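Below are some notes for reading alongside the structure.

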Amino acid sequence: MTTSHTAVSHSNGIPIVTVEAESVHATKINGVVSSSPRNYLPKEFYTPYLSTLARERTPNGIRGLFPLELLPNMLSLLAGKPAPQTFPITSLSFTVRSPESTTEHPVSDIPVSVSGEALDEALQYSATRGIPSFVGWVERLQERFHGRSPKGEGWSVSIGSGSQDLLYKIPTDAHGVRSSDLRTMLEDWPVGKPIPRTMYTVPYGCNPTGTTATLERRVELLALARKYDFLILEDDPYFYLYYGDAERPASYFHLEAQDPSEPVGHVLRFDSLSKILSAGMRLGFVCGPEPIIDAIMLHTSSANLQVSSTTQAIGFALLETLGYDGFERHTQGVSQYYRERRDVFEKAMRRHFGDGLAEWATPEAGMFVWFKLNLRSSNGSEEGDSNALIAQRAVAKGVLAIPGTSFFPNGRTSAYVRASFSTIALDDVDEALRRLAEVVREYNAEQP
C-alpha cells in the first residue's frame, strides 16, 4: 500500500509530496543500490514552467473518455473510430537480426508478427500517451537502466515521434557543459529578470561535439538545477551508443533519485529508438514529472492526436521479441559497431591531420567527430572560418562535411567541422580525410 501527503516545504515555499510505502523499491545501477525516493515536487511547482496556452488547455472531451471503454460491460457509442473489420491488413510480419549473430558466427533472423488483438490495437486510434503495452515496456526499461520506478515517484511516460529543439547555449568542453560558467551566469543574473526555466543538454555523444559529460559535471549541473529551480531537459539519443573505456556515467534521470533528502522532479528525460532500431520509425519517449507529461499529452492531442499506433505496435513487437536481455545485447553490439568505426576514422585523422592541421577530442559515444581546423586568419577571425572551405572547396574536391558555423545560433564564424563516420564505407574514410586535408593545406598556403 502506498499513500502520499504534502509535508516538507520546498525552497520556493511550495510543499513537496511525501510518499509513504510499506516497502521501498530498490534497484542496482552501475553497482550502486538505489531506492525509490519518497519525495517529489507537486503539480503546483511546475505551473510557472508552462506557457499560458499550455496552462489553459483542457483534456479532449472525447479522448479523455477512451479509457472508460475498457471497463467491463461498458457499451461505447463514444468515438468516431472506423470499423476495424473494414481494414484490409490482416497481419504484419517481419524478421529481426538476432543479438547473438556475428559476421563470424551468423544466427538465423528472429521472426516477429503482429496479429490478433495486437493488430487491432495497431490499426486503430489509441491513447495519446501511447499503446499501454509499449508504455509499460518503457517504464520497465527505465527501471532497468536508470533505477527509476514510476510508482510513488511522481513521474510518467509519453510515447513520441521525436523532435529537435535547442533552447539555450552554455559553453562546453571535452567534459560536457561547463557547469562553472553556468554557475557564474546564474550568480550574476540581473535582479528582476526571470532566471531561465530550462537547461537543454545532450549528455552522451553530443551532436555536434561528440562529447560525453563526466559524472562530476552532471552532479554539479543537477545541484545548480535544484538551487535555481530550472528543469534539465536530458535529450539522450546516444545513451545506448556509449563506447568509452570507462563505465557509462549515470544519467541525470538516475542521479536525481540518489539523494533521499532531495525531492525528485527536476529532470525531463528524452529517449530515442531512432539510432538503435530504425530512424524511419520515428519513435521515442519522454519520462518526467507528471504535470509536465500531462501538458505534453494535451499538446499532442490538440496537434496530431497521437503517435502512429501501427509504428508503436511494430516497435513494441520487436522489443518484446528481443526481451530486455536481448535488447541490451543488441545495443551493446550497436555501440561496439560505432566504436570500431570511430577507431578507423580517428586513425585516418591522425594520419592526415595529426601534424598540427587540426585538433580534436576522442568521442566516447555517438557518431560524430568535432574537430578544429588550424587555419590562417580570415574575415577578421583569428582562428579562421571553415564555412567557405567546407561548403565550397571541399565539395569541389569530392568530400562533404558540415562547417561549424551551422551549429551556432548566431551563425558566428568558426574553424570547427563536424564529420560523421556512421555510414561512409570504411575503405573510403582514409580517402575522404586525405581530400579534406589537401583542401586545408592548399587554403593555408594561399596569401590572405
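Predicted model: local features only at pLDDT ≥ 70, side-chain atom pairs only at ≥ 80, totals over all residues.

1. Nonpolar core. The largest nonpolar core has 100 residues. Phe134, Phe230, Phe353, Phe371 and Leu373 are the ones with the most contacts inside this core. Helix H8, residues 309-353, gives the most to the core, with 14 residues.

2. Surroundings of Phe230. Leaving aside residues up to four places away in sequence, Phe230 touches Tyr49, Leu182, Leu186, Pro196, Arg197, Thr198, Met199, Leu221, Leu224, Ala225 and His266. Phe230 is also among the residues with the most contacts inside the largest nonpolar core.

3. Open sheet. Four strands make up an open sheet with antiparallel pairing, in the order E15-E16-E18-E17. Strands E15 (358-360) and E17 (402-403) stand at the edges and have a single partner strand each, so one side of each has no neighbour in the sheet.

4. Pairing of E15 with E16. Strand E16 spans residues 368-373 and runs antiparallel to E15, with three bridges joining the two. Within this pair, Ala358 stands opposite Leu373 of E16. Leu373 is also one of the residues with the most contacts inside the largest nonpolar core.

5. How many cavities of 30 Å³ or more does the structure hold? There is one. The largest cavity contains about 50 Å³ of space. It is lined by 14 residues, of which Glu153, Gly154, Trp155, Val264 and Gly265 are the closest to its centre. By type, the lining of the largest cavity divides into eight nonpolar, three polar and three charged residues.

Terms used: Residues numbered from 1 in each chain as written. Heavy atoms only, no water. 1 Å grid on protein atoms, 1.4 Å probe; cavity = no way out; pocket = protein on both sides within 12 Å on 5 of 7 lines; lining within 4 Å. Points joined across faces, edges and corners; volume = space filled by probe spheres on them. Nonpolar A, V, L, I, M, F, W, Y, C, P; charged D, E, K, R; others polar. Pairing = 2+ DSSP bridges. Core = buried A, V, L, I, M, F, W, Y, C linked by side-chain atoms within 4.5 Å. Buried < 20%, exposed > 50% of the residue type's maximum accessible area, 1.4 Å probe, protein only. Contact = heavy atoms within 4.5 Å.
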